[in-house]
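Open the model in your viewer and follow the stops below. Each one says what to select and what to look for there.

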Amino acid sequence: MAETLQPLPHAPIGMVLGLLEHLKDTPGGKEDLYKLGGPLGYELDDLLPVTEAAKRLGLVRIAAGDIELTAEGRALAAAEEPERKQRMGRCLRKLSLIAEIRRAVERAAGGRASRTLFLERLQEGFSEAEAERQLSTALDWARYGEVFDFDPDAEEFFLPPA
Amino acid sequence: MASPASVAAPAALLRLEGVEQFYGQKIRILGPIDLEMREAEFLSLVGPSGCGKSTLLRIVAGVLTPTVGTVRMGGRPLKDVNTRAAMVFQSFALFPWLKVVDNVAVGLESRGLPPRERLKKAQKYIDLVGLSGYERAYPRELSRGMKQLVGLARALAVEPELLCMDEPFSALDVLTARTMRELVLDLWASPVVMTKSILLVTHSIEEAVAMSDRVVVLKANPGRIADEVDLRGLPRPRRPDLPQVRETVDRMYALLA
């Protein structure tokens with residue numbers, strides 16, 4: 001798994017949503033990537049994981065130094081809960097790590113999959129600390145999109161109730 | 001978004017009459033303050049640090065009794081903790097050993113709701129703030145923004161008449177704060193949320209202008225009201241780059257200077 005797995009950029013999902021809302025309110029829906037930090041009070045470096053996350057989720061397009069919302073990004077930014085969550089859930093399932101965990105949980109007898117298993121598999125390609133962070137980020141995003149949940153007492157992933 | 005406060009002549013929800021707070025015997029840190037808040041009003045208190053805006057909020061919440069003066073809630077003097085108000089704190093103030101759903105339900109227990117009702121009500125507000133999916137997470141697993149959503153859901157779940165917020169967005173990054181401000185305004189306008197009166201303490205003039213029906217500007221040493229600005233004429237949503245919004249922000253900066 002680790003060989004084919006693209007690492008997730010570490011951005012809280014709330015910041016990704018904030019970026020979409022900012023772009024939604026930007027005249028023309030397009031912003032110079034290098035100017036993005038200014039009005040938001042960020043250094044570009046701090047924003048890169050956020051823009052990268054939005055890009056990987058298919059919510060923004062980055063080309064020729066500009067960042068703009070995709071059709072899905074526009075729809076998500078304009079949606080209210082719970083539609084927003086449902087849309088994000090669909091985008092999240094296209095990411096390999098999140099999709100793998102979801103599949104494992106769906107297939108597991110009892111609907112639960114051990115976190116340790118994924119941690120070990122991630123450590124084939126990442127340091128232990130990075131493997132931990134990958135799982136934390138995946139969980140933060142997956143919980144928002146209700147793709148899977150985590151039981152911290154049993155250290156197991158499981159499907160959120162429908 | 002139509003402001004719920006635009007209905008004709010709403011009654012006073014909250015009234016502070018000659019409220020003063022002393023530190024020790026002689027040092028007055030706040031007041032005298034006379035202030036009235038209407039039903040369904042979004043009121044912000046802005047001012048520099050040391051102007052007593054958080055102290056004022058604690059007096060309204062009934063966790064601090066003013067040295068002098070009276071606080072009235074719906075006409076009746078406040079004697080104890082204000083059970084008709086709930087608070088959102090800058091520092092989130094969550095119980096680390098409780099899962100999200102239990103942190104949200106915590107205020108419902110003291111209001112005498114049976115367990116099944118507590119869970120139902122907690123779930124309603126978890127869904128409304130967009131936290132569903134995180135019910136079984138512990139606070140340590142959450143980003144700061146998500147933690148504050150728990151704080152907001154917990155305050156709203158008791159369906160208070162008055163929601164007090166003490167710098168609720170200032171510990172958050174700018175993008176998260178932006179999402180949360182929009183959420184609070186959406187909830188305020190939403191017919192399924194019972195709470196319609198909001199008292200926000202902030203040091204950000206931009207935030208106060210973006211959100212409020214009325215802004216009360218406080219001065220320090222001792223904390224007292226310097227001015228107030230009625231913003232009901234300013235159309236919503238108030239994007240920061242709109243000329244009218246920018247003019248209002250500039251005018252408020254001039255008041256504080």
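Start with chain B. Of its 257 residues, buried ones make up 46%. Keep in mind that this is a predicted model.

**Stop 1: chain B as a whole**

Show chain B as a cartoon. Its secondary structure comes to seven helices and 10 strands. What radius of gyration does chain B have? The value is 18 Å, and a compact globule with 257 residues would have one near 18 Å, so the two agree. Now think about the contacts in chain B with a separation of 6 or more. Residues 24 or more positions apart account for 69% of these.

**Stop 2: the two domains of chain B**

Colour 1-80 + 196-257 of chain B as domain 1, and 85-159 + 162-193 as domain 2. The C-alpha centres of domain 1 and domain 2 of chain B lie 23 Å apart. Their contact takes 20 residues from domain 1 of chain B and 13 residues from domain 2 of chain B.

Stay on domain 1 of chain B, on the side that touches domain 2. Select β1 (12-23), α1 (53-61), β8 (197-202) and α6 (205-211) of chain B; each supplies at least two residues to that side. Which of these elements gives the largest share? It is β8(B), with six residues. Colour this side of domain 1 of chain B by class: 14 residues are nonpolar, four are polar and two are charged.

**Stop 3: a sheet in chain A**

Move to chain A. Select β1, β3 and β2 of chain A: in that order, the three strands form an open sheet with antiparallel pairing. Strands β1 and β2 of chain A stand at the edges with a single partner strand each, so one side of each is left without a neighbour in the sheet. From one strand to the next, the twist averages 20°.

**Stop 4: strand β3 of chain A**

Zoom in on β3(A), residues 66-69. Which residues are on its covered face? They are A:Ile67 and A:Leu69, while A:Asp66 and A:Glu68 are on the uncovered one. In a regular strand, side chains alternate between the two faces of the sheet.

Look next at the pairings. Strand β1(A), residues 30-32, runs antiparallel to β3(A) and is joined to it by three bridges. One pair to pick out is A:Asp32 with its bridge partner A:Asp66 in β3(A). On β2(A), residues 60-63, four bridges make the link to β3(A), again antiparallel. Here, A:Val60 has A:Leu69 of β3(A) as its bridge partner. Follow the hairpin of β2(A) and β3(A), which has two residues between the strands. Stop at A:Ala64, which takes a positive phi near 50°.

**Stop 5: where chain A meets chain B**

Show both chains. Here 25 residues of chain A are in contact with 20 residues of chain B. On the side of chain A that touches chain B, select α1 (13-24), α5 (83-92), α8 (128-144) and β5 (149-151) of chain A; these elements give two or more residues to it. The largest share, seven residues, comes from α1(A). Finish by colouring this side of chain A by class: 11 residues are nonpolar, four polar and 10 charged.

Conventions. Residues are numbered from 1 along each chain as its sequence is written. Chains are lettered from A and ligands numbered from 1 in the order in which they are written. This is a predicted model: local features need pLDDT of at least 70, side-chain atom pairs count only at pLDDT 80 or more; totals for chains, interfaces and linings use all residues. Two residues are in contact if their C-beta atoms, placed from the backbone, lie within 7 Å. Ala, Val, Leu, Ile, Met, Phe, Trp, Tyr, Cys and Pro count as nonpolar, Asp, Glu, Lys and Arg as charged, and the others, Gly among them, as polar. A residue is buried if 20 or more other C-beta atoms lie within 10 Å of its own, exposed if 12 or fewer, and partly exposed in between; C-beta atoms are placed from the backbone. Two strands pair if DSSP finds at least two bridges between them. Domain bounds come from an automatic or database domain assignment. Axes are lines fitted to C-alpha atoms, for helices over the stretch in contact, and angles run from 0 to 180 degrees between N-to-C directions. The radius of gyration is taken over C-alpha atoms; the globule rule is 2.2 Å times the number of residues to the power 0.38.
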